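Reader: I'd like to go through this one with you, piece by piece. Can you show me the sequence and the model?

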Amino acid sequence: MNLTCAKCGGPIERTPGPGRAPTYCGDLCKRLIEYELRRLDRRLATYELEQREIKVNAEDWPDENDRQKRLRALRRWIRQDEDRLRELIGAGRNNQNDPA
Ligand SMILES: [Zn+2]
């Protein structure tokens with residue numbers, strides 16, 4: 001399998017031995033991935049909180065279409081960020097042929 005770095009897209013040197021292959025090519029990308037994971041985590045928490053508030057406080061939204069539109073946007077952003085999280089932590093690397 002051809003492994004590429006989840007951060008820069010460069011090739012990953014495969015180190016022999018047991019355990020899962022890393023998702024990064026070197027120490028710099030490893031650190032950048034850690035920062036990105038923290039950013040994603042914070043952003044997801046914000047999205048999820050807003051999503052919950054919108055669901056609970058429907059009466060705050062005079063226009064139901066606006067409310068649904070915002071919920072759809074939040075769901076899409078959450079899905080995108082979760083996909084990126086999976087990519088960064090190296091889960092689902094063998095599922096790249098799955099239909100999206
Ligand atoms: Zn890299």
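Predicted model: local features only at pLDDT ≥ 70, side-chain atom pairs only at ≥ 80, totals over all residues.

Reader: What is the mean pLDDT of the protein?

Author: Residues with pLDDT of 70 or more make up 88% of the protein. As for the mean pLDDT of the protein, that is 88.

Reader: Which secondary structure elements does the protein have, and how many?

Author: You won't find a strand here, as the count is zero.

Reader: What percentage of the residues is buried?

Author: Buried takes 20 or more other C-beta atoms within 10 Å. Glu 36, for one, has 16 such neighbours and so counts as partly exposed. Out of the 100 residues in the protein, the buried share is 6%.

Reader: Which class has 12 residues in the contact of α1 with α2?

Author: On the α1 side the contact includes Ile 33, Leu 37, Leu 40 and Leu 44, while the α2 side includes Leu 71, Leu 74, Trp 77 and Ile 78. Charged residues take part too, among them Glu 36 and Arg 43 in α1 and Arg 67 and Asp 81 in α2. By class there are eight charged residues and one polar, and the class with 12 is nonpolar.

**A closer look at some residues**

Reader: Which residues does Tyr 47 contact, leaving aside neighbours within four places in sequence?

Author: Tyr 47 sits in helix α1. With 17 other C-beta atoms within 10 Å, Tyr 47 is partly exposed. Its contacts, beyond four places in sequence, are Leu 74, Trp 77 and Ile 78.

Reader: How far apart in space are the C-alpha atoms of Tyr 47 and Ala 73?

Author: In sequence, Tyr 47 and Ala 73 are 26 residues apart. In space, C-alpha to C-alpha, the separation is 9.7 Å.

Reader: What separates the C-alpha atoms of Glu 36 and Leu 85?

Author: Glu 36 is in helix α1, and Leu 85 is among the α2 residues that meet α1. Along the chain the two are 49 residues apart. Their C-alpha atoms are separated by 8.8 Å.

Reader: Is Glu 50 buried or partly exposed?

Author: Glu 50 lies in helix α1, and its C-alpha is 8.9 Å from that of Leu 71, 21 residues away along the chain. Buried would take 20 or more C-beta neighbours within 10 Å. Glu 50 has 15 inside 10 Å, so it counts as partly exposed.

Reader: Which residues does Trp 61 contact beyond four places in sequence?

Author: Look in the loop between α1 and α2 for Trp 61. Trp 61 is partly exposed, with 14 other C-beta atoms within 10 Å. Its contacts are Asp 66 and Arg 67.

Conventions. Residues numbered from 1 in each chain as written. pLDDT = per-residue confidence, 0-100. Helix = DSSP H or I, 4+ residues; strand = E, 2+ residues; numbered from the N terminus. Buried ≥ 20, exposed ≤ 12 C-beta atoms within 10 Å, placed from the backbone. Contact = placed C-beta atoms within 7 Å.
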